[in-house]
Amino acid sequence: QANHLHESPLSMTLPLIILAVLSAVGGFLNVPSALGGNYGLGEFLAPVFADSVSHTGAFHLDHSTEYVLMAASAIAALAMAFFAYRKYVTNHEVPQPEGAKMGLLTKLSYNKFYVDEIYDAMVVKPLDNLSVFFHRIVDRWLIDGLVNGVGRLTAESGKYLRLLQSGNVGFYLFMMVAGIVALLIYGVMKF
């Protein structure tokens, strides 16, 4: 397997390098003021959030709160790195084989906290059922029924109206005279 390992092509690594550099630059734009930085990114985006700030008021943290939050996130990151090093490097523990009995947290993590199953039950299946309803009832009966009904009505009425188109000139003259008489009667009755 080792001879199949290789680095991704430049078309994949170059965008990742650019994104990494831009994320580092973006991070330095908003260094907390407790560390001597400024809020360059916040000031740049201030016009975008001007309306929400006018409704809620400006939000500022004390330096002590910033220090506590930075220390908490750094301690959490170091603790998890130490835990992972001890578990997987020092103790040479490998993940359990497929089908092995797992604890509750391991099982939840292994199954991605059942997010896919919950999403499937709450979003995908109701939308599938709704689309089946619209296909069977609305599309087939209402829309297709209306379109096909107009087509059938046209075809059925055409069966009887074509009998009037017999090619007999005498019949055509009779119908023309009957139409003129009907118009005259209508005109006389109107006055």
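Predicted model: local features only at pLDDT ≥ 70, side-chain atom pairs only at ≥ 80, totals over all residues.

Visitor: Which residues make the nonpolar surface patch?

Guide: The patch is made by Ile-17, Val-21, Val-25, Leu-29, Leu-41, Phe-44, Leu-45, Val-48, Phe-49 and Val-53. Together they form a nonpolar surface of about 910 Å².

Visitor: Which helix gives the most to the nonpolar patch?

Guide: That helix is H1, with four residues. Helix H1 (10–29) and helix H2 (40–44) each supply at least two residues of the patch.

Visitor: Why is Val-53 called partly exposed?

Guide: Val-53 has a relative accessibility of 39%. Buried means under 20% and exposed means over 50%, with partly exposed in between. The value of 39% lies between these limits, and therefore Val-53 counts as partly exposed. This residue is placed in helix H3 (residues 50–56).

Visitor: What is the volume of the second largest pocket, and how many residues line it?

Guide: Its volume is about 330 Å³, and 15 residues line it. Lys-87, Tyr-88, Pro-95, Gln-96 and Thr-106 lie nearest the centre of this pocket. Helix H4 (63–90) and helix H5 (104–110) are the elements that give two or more residues to the lining. The largest share, four residues, comes from H5.

Visitor: How do the lining residues of the second largest pocket divide into nonpolar, polar and charged?

Guide: Seven are nonpolar, four are polar and four are charged. Among those nearest the centre, Lys-87 counts as charged because Lys belongs to that class.

Notes:
Residues numbered from 1 in each chain as written. Heavy atoms only, no water. Patch = residues over 30% accessible without salt bridge, like charges linked within 9 Å, V, L, I, M, F, W, Y side chains within 5 Å. Areas by Shrake-Rupley, 256 points an atom, 1.4 Å probe, with all protein chains shown as cover. Salt bridge = Lys/Arg side-chain N within 4 Å of Asp/Glu carboxyl O. Buried < 20%, exposed > 50% of the residue type's maximum accessible area, 1.4 Å probe, protein only. 1 Å grid on protein atoms, 1.4 Å probe; cavity = no way out; pocket = protein on both sides within 12 Å on 5 of 7 lines; lining within 4 Å. Points joined across faces, edges and corners; volume = space filled by probe spheres on them.
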